[in-house]
Amino acid sequence: MAASLRRRSLLTAGLLTAVGTLTACGSASGSAHAGSRPRPTPVDPDTAARRRVGAAITTLLAGYDTTSAHGELRSGLAAQGAAVGVARSAAPPTASASASASASASAAASVSASAAAAAAAGVSDGELASGEIGLVTLCATELQGVSPALARLLASVGAGAAQRATQLGGHLPAAPDPGLDGLRPTAPELDALQAALGAEQATVFGFGVLGAQLSGGRRVQATADYALHRARRDSLESLIATSGASPHAAAAAYDLPFAVTDASSAARLAALLESRLAAVYANAVQAGEESFRTASATELRLAALRALTWGAGPDPLPGL
C-alpha cells in the first residue's frame with residue numbers, strides 16, 4: 001500500500017508540473033526586461049503546436065494509466081501521440097511561441113488538470129471524458145496558424161478525441177457556427193467545397209437506400225441523418241453558387257460498395273458513408289484557413305461521431 005501511495009504521489013507531482021509548464025508558456029516572455037538577456041530563438045508555429053498538443057496527450061495518457069479499463073481508448077490516444085510526435089513534444093515550448101499560445105495553454109491546462117485530478121484521487125470515466133473534451137478544444141485552437149498538413153492532422157486528432165469522450169459518457173459542447181455566409185473561396189477552397197458537395201450527394205443517395213432496411217429507432221436515426229445530409233448538400237450548393245461557380249450535379253445513381261439487404265448491412269453502409277465523409281472534410285481542412293478550416297474540422301468531427309453511432313469502431317485518426 002505504501003509503495004502504491006508513493007507511486008501515486010510521484011505521478012501526481014509529475015502531472016501538476018505539466019500543468020504549470022503548459023500554463024506558463026504564454027507568459028514567460030513578459031517577465032524579462034528588455035536588454036537583460038538575449039531573445040530566445042523563435043520556434044515555428046508547427047513545432048510549438050506539436051509540443052503543446054503532445055504534452056497534453058502525454059498528460060492524458062498518465063490519467064489512463066491509473067486504471068486497467070479502457071485499454072482500447074488508451075491505445076487510440078497513444079497512436080495519436082505517435083502521429084503528433086509525443087517523444088519530440090515532451091519539452092515545453094519556448095516563450096516565443098505563436099500569438100495564440102495563451103488560448104492554447106488554457107485549453108491544454110484543462111486537459112492536464114483533468115488528468116492530474118484523476119491521478120490524485122483515482123480515475124473516473126467522467127474525468128477522462130473531460131480530458132478528452134479538453135483535447136478536442138486544444139486541437140481546434142491549434143489548427144489555426146499552422147501548416148495545412150498539420151491542421152489536417154490536428155483536426156483528425158480532435159475528432160478521435162471526440163469519439164473517445166463520447167464513449168466515456170462525455171457531452172461535447174455544441175459546435176459554434178463558423179459563419180461561412182458570404183465566403184469568397186479561394187481556388188483550393190472551392191475545389192474542397194465541390195468535393196464535399198459530391199460526397200454529400202452520394203451520402204444522401206446511400207441513406208435513401210439503407211433507410212428502407214431499418215425499423216424502429218434505427219429508422220428514426222436514418223431519417224434524421226438523411227435530412228441532415230440533404231440540408232448540408234443544399235447549403236454547399238448555395239455556397240458554391242453564391243461564389244459565382246456552378247455546383248457539380250449529382251449522379252443519377254451511385255454504385256453501392258456491397259448489397260444492402262438487412263438492418264445489419266444498412267448500418268454498415270451508414271458507418272462507411274460517414275467515414276468517407278470524414279476523409280473528404282479532413283482534406284478540406286488543409287485547403288483553407290481561418291473560418292473555412294474551422295468549419296471543415298467541425299464537419300470532420302461530426303461525421304466521425306455519426307460513424308460511431310452507426311457501429312464503426314473508434315478511430316484514432318478519423319479521416320486520415
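Which helix gives the most to the lining of the largest cavity? I looked it up, and H10 does, with four residues.

**Ground rules.** I am working on a predicted model, where local features need pLDDT of at least 70, side-chain atom pairs count only at pLDDT 80 or more, and totals for chains, interfaces and linings use all residues. Residues are numbered from 1 along each chain as its sequence is written, and side-chain values use heavy atoms, with hydrogens and water left out. My helices are DSSP runs (H or I, at least four residues; strands are E, at least two), numbered from the N terminus.

**Cavities.** I searched a 1 Å grid over the protein atoms alone; a cavity is a set of points where a 1.4 Å probe fits but cannot get out, and lining residues have an atom within 4 Å of a point. Points are joined across faces, edges and corners, and a volume is the space filled by probe spheres set on them. I get two cavities of 30 Å³ or more.

The largest cavity holds about 60 Å³. Its lining includes Leu-180, Arg-232, Tyr-281, Phe-292 and Glu-299. H7, H8, H9 and H10 each supply at least two lining residues. By class I note nine nonpolar, one polar and two charged residues. Here Ala, Val, Leu, Ile, Met, Phe, Trp, Tyr, Cys and Pro count as nonpolar, Asp, Glu, Lys and Arg as charged, and the others, Gly among them, as polar.

The second largest cavity holds about 40 Å³. H6 gives the most to its lining, with four residues. H5 and H10 also supply at least two each. Val-136, Ala-140 and Arg-301 are among its lining residues.

A pocket is an open set with protein on both sides within 12 Å along at least five of seven lines. H10 gives the most to the lining, with six residues. Domain 1 (46–88 + 124–173) and domain 2 (177–319) each contribute at least three. The domain bounds come from an automatic or database assignment.

**Core.** Next I checked the largest nonpolar core, which has 53 residues. Such a core is a set of buried Ala, Val, Leu, Ile, Met, Phe, Trp, Tyr and Cys residues joined through side-chain atoms within 4.5 Å. Val-53, Ile-57 and Leu-135 are among those with the most contacts inside it. H6 gives the most, with nine residues. Ile-57 touches Leu-77, Val-84 and Leu-135, among others (heavy atoms within 4.5 Å).

Leu-135 sits in helix H5. I record it as buried because its relative accessibility is 0%. The cut-offs are under 20% relative accessible area for buried, over 50% for exposed and partly exposed in between (1.4 Å probe, protein chains only).

**Backbone.** His-70 has a phi of about 65°. His-70 lies in the loop between H2 and H3 and is partly exposed, at 24% relative accessibility. Glu-290 has a phi near 50°. Glu-290 belongs to helix H10 and is exposed, at 59%.

Methods. Lists of a residue's contacts leave out its neighbours within four places in sequence.
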